[in-house]
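The following note sets out points on the fold, the backbone and the chain contacts for a colleague's review. Please read it alongside the structure shown below.

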Amino acid sequence: MPKKTAQPAEYVLEVEDLVVEYGRRRILDGISMNVRAGEIMVIMGGSGSGKSTLLRHLLGLEVPAGGTVRMLGRDVSEMTNTEMDDLRQHVGVSFQSGALFTSMSVGENVALPLRERQNLDDNTIRIMTRLKLELVSLAGFENLMPSQLSGGMIKRAAFARAIVMDPKLVFFDEPSAGLDPVVSAELDELIIKLRDALGTTIIVVTHELESAFRIADRITVLDHGRVLVTDTVDAVRNCQDQRVQDLLNRTPREMKIDADDYLRRLTEEEPEYVD
Amino acid sequence: MSKCEVQDQAGFALVVVEGEVDMSWSNDLRQAILGPLNAGRPCMVDLSAVAYIDSSGIAALVEGYQKAKGAGTFFGLVAVSDAVRSVLELARLDQVFPMYENLEQAEASLS
């Protein structure tokens, strides 16, 4: 199946000079990146790189100290709750933990966005829900409760819920983490198929190198709250930046200590937030 | 412009669909398909001019096919556009629906 080609200027997500501070600590330090329509963008980085914080701000869940996030052409910080709610009809999110409602069955969880937002016939909702469960290989599991599912199944159910509305933009937070290699590869394949069949723009936050290289059109590498590089898979693989190579080669980071800062952290009365 | 229209053909109803099928009007498509099937008439859906179809539109096609099977009548897709075909393939429904290249082929299957 041919890949859909995105128009270069058609950005679904635009981030400009995003700054996030928790207490006196700067977690994101001037992040700028753009994601084109129909593109699979992978945001990579090690623990503490700021990728989870970036995701929360891309979703408009927190207010940054500075900079802007434009999603589907709208400045997230300038939108009312109602406008944000309307925008979210076109955005799907699959959280790392799954975030399923434990009191609802798998089918009810997946159908929830349809029941909350759309005036659709019950037959239509049932078929749409089962179509998505088929896609993630959970056909026949719709009546199980989340407590009866394995970790991988929870992740796949969350994946189905994220795409049940056929969103224009989907965020996947660590889709492969904790999954066996076969299921992980299947989810990667599904991400690519979704983009190819529906033109969905997909943003994946992950630290799994193999998965990132398999699915990405472009990769943004974060380190200590800054963008080290945003480029194609091949360009990132061949990037000469030492910190990028350390990440790709899984080289342990050298812990550099700012003596004054370290002393202050150990002794100050008001503790800082930690990402 | 996105719309669907039911045309009376000899021996069956033809639902001609145009534009982008999404949740804002897929219920119209559903009603257009179920109408003739509820009356016991065979139904074909012309998808040649569909640029996009979401899963609510696909659900309308699935429900139509199921209804036709239950009623012992006929349901099929005609001149499926590439955009629709790729979604059907994603859901593996290309292996489920009767699909015809053109109206003549569809009509021949009914005779």
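This is a predicted model: local features need pLDDT of at least 70, side-chain atom pairs count only at pLDDT 80 or more; totals for chains, interfaces and linings use all residues.

**Notes on the model**

1. In chain A, strand β9 (residues 218-223) and β10 run antiparallel and are joined by 6 bridges. Within this pair, A:Leu222 has A:Val227 of β10(A) as its bridge partner. Helices (H or I, at least four residues) and strands (E, at least two) are DSSP runs, numbered from the N terminus. Two strands count as paired if DSSP finds at least two bridges between them.

2. Residues are numbered from 1 along each chain as its sequence is written, and chains are lettered from A and ligands numbered from 1 in the order in which they are written.

3. β9 and β10 of chain A belong to an open sheet of 6 strands with mixed pairing, in the order β6-β7-β8-β3-β9-β10. At its edges stand β6 (91-94) and β10 (226-232) of chain A, each of which pairs on one side only. From one strand to the next the twist averages 15 degrees.

4. Which strands does helix α1 of chain A lie across? Helix α1 (residues 51-58) of chain A lies across β3 (40-44), β7 (169-173), β8 (201-206) and β9 of chain A, and runs at about 150 degrees to β7(A). α5(A) also packs on the sheet, where it touches β6 and β7 of chain A, and its direction makes about 175 degrees with that of β6(A). Axes are lines fitted to C-alpha atoms, for helices over the stretch in contact, and angles run from 0 to 180 degrees between N-to-C directions. Two residues are in contact if their C-beta atoms, placed from the backbone, lie within 7 Å.

5. Helix α3 (residues 106-117) and helix α5 (residues 151-163) of chain A have axes that come within 7 Å and cross at roughly 25 degrees. α3(A) is therefore roughly parallel to α5(A), where angles under 35 degrees count as roughly parallel, over 145 as roughly antiparallel, 65 to 115 as roughly perpendicular and the rest as oblique. The crossing of α3(A) past α5(A) is right-handed; a crossing is right-handed if the near helix is turned clockwise from the far one by less than a right angle, and left-handed if anticlockwise. On α3(A), A:Val106, A:Asn109, A:Val110, A:Leu112 and A:Pro113 meet A:Ala157, A:Ala160 and A:Arg161 of α5(A). This contact of α3(A) with α5(A) has 6 nonpolar, 1 polar and 1 charged residues. Ala, Val, Leu, Ile, Met, Phe, Trp, Tyr, Cys and Pro count as nonpolar, Asp, Glu, Lys and Arg as charged, and the others, Gly among them, as polar.

6. Strand β1 (residues 11-22) of chain A runs antiparallel to strand β2 (residues 25-36) of chain A, with 9 bridges between them.

7. Most residues other than glycine have a negative phi. A:Asp17, in strand β1 of chain A, has a positive phi near 50 degrees. B:Ala79, in the loop between β4 (75-78) and α3 (82-90) of chain B, has a positive phi of about 50 degrees. Are these sites buried or exposed? A:Asp17 is partly exposed because 13 other C-beta atoms lie within 10 Å, whereas B:Ala79 is buried, with 20. A residue is buried if 20 or more other C-beta atoms lie within 10 Å of its own, exposed if 12 or fewer, and partly exposed in between, with C-beta atoms placed from the backbone.

8. Between the chains, 16 residues of chain B are in contact with 16 residues of chain A. On the chain B side, α1 (26-38), α2 (55-71) and α3 each supply at least two residues. The largest share, 7 residues, comes from α2(B). By class, the chain B side divides into 8 nonpolar, 4 polar and 4 charged residues.
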